[in-house]
Amino acid sequence: MIGRLNHVAIAVPDLAAACALYRDTLGASVSEPLDQVEHGVTVVFIDLPNTKIELLGKLGEQSPIAKFLERNPEGGIHHLCYEVEDIIASRDRLLAKGARVLGSSEPKIGAHGKPVIFLHPKDFNGVLIELEQL
Ligand code: CO
């Protein structure tokens with residue numbers, strides 16, 4: 001069911017510093033920051049030859065990454081995103097297998113303008129998983 005690794009998302013306490021680290025120290029090409037108000041994050045995209053990295057900065061006090069950054073003040077890997085061909089079929093299969101989908105379990109439009117769902121980390125070895133329809 002799952003396909004390619006679409007991205008690894010890293011929550012960071014200081015987005016400008018993280019951009020500088022990836023651009024200047026690691027030599028990656030780093031996008032301009034993009035505020036995603038409805039998701040409570042500012043996102044920077046880093047294209048690698050085989051996948052993407054997303055740096056997530058907190059946007060607003062209600063940000064979904066605020067608690068994560070409290071627990072991980074230096075930042076850390078926040079989620080992995082796998083591609084799926086059919087988000088509804090994937091969700092129904094996961095629910096039938098007893099996995100928990102976060103929120104209403106209806107797909108939302110994610111950072112790339114495509115439908116996404118998130119799966120409970122306690123059901124997947126402590127890793128928050130995002131599924132994105134191609
Ligand atoms: Co993501």
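Against which strands do the buried residues of helix 3 pack? This and related points are taken up below.

1. Basis of the note. This is a predicted model, in which local features need pLDDT of at least 70 and side-chain atom pairs count only at pLDDT 80 or more, while totals for chains, interfaces and linings use all residues. Residues are numbered from 1 along each chain as its sequence is written, and side-chain values use heavy atoms, with hydrogens and water left out.

2. Packing of helix 3. The buried residues of helix 3 pack against strand 5, strand 7 (115–119) and strand 8 (129–133); contact here means heavy atoms within 4.5 Å. Helices (H or I, at least four residues) and strands (E, at least two) are DSSP runs, numbered from the N terminus. In helix 3 (residues 87–96), the buried residues are I87, S90, R91 and L94. They cover an arc of only 100° around the axis, which puts them on the same side of helix 3; the arc is that of the directions from the helix axis to the C-beta atoms. Buried means under 20% relative accessible area, exposed over 50%, and partly exposed in between (1.4 Å probe, protein chains only).

3. Ends of helix 3. After helix 3 comes G98, with a positive phi near 90°.

4. Helix 1. The buried residues of helix 1 (residues 15–25) are L15, A18, C19 and Y22. Seen down the axis of helix 1, these fall within an arc of 100°, so they line one face of the helix. A16, D24 and T25 are exposed on the other side. D14 caps the N-terminal end, with a side-chain oxygen 3.2 Å from the backbone nitrogen of A16.

5. Nonpolar core. The largest nonpolar core has 12 residues, among them V8, L15, V44 and I53. Such a core is a set of buried Ala, Val, Leu, Ile, Met, Phe, Trp, Tyr and Cys residues joined through side-chain atoms within 4.5 Å. Helix 1 gives the most to this core, with four residues.

6. Cobalt site. H7 (NE2), H79 (NE2) and E130 (OE) are the protein donors of the cobalt ion, at 2.0 to 2.1 Å from it. Donors are N, O and S atoms within 2.8 Å of the metal (3.2 Å for Na, K and Ca); water is not among the atoms, so sites may look incomplete. H7 counts as buried at 1% relative accessibility, and H79 counts as buried at 5%.

7. Salt bridges. The whole structure holds six salt bridges, each a side-chain nitrogen of Lys or Arg within 4 Å of a carboxyl oxygen of Asp or Glu. R91 and E106 meet in one of them (3.1 Å, N to O). R91 is buried at 10% relative accessibility, whereas E106 is partly exposed at 47%. R91, D92 and E106 are linked in a network of salt bridges.

Key
A polar contact is a pair of N or O atoms within 3.5 Å; within protein, one must be able to donate a hydrogen and the other to accept it, and residues adjacent in sequence count only if both atoms are side-chain atoms.
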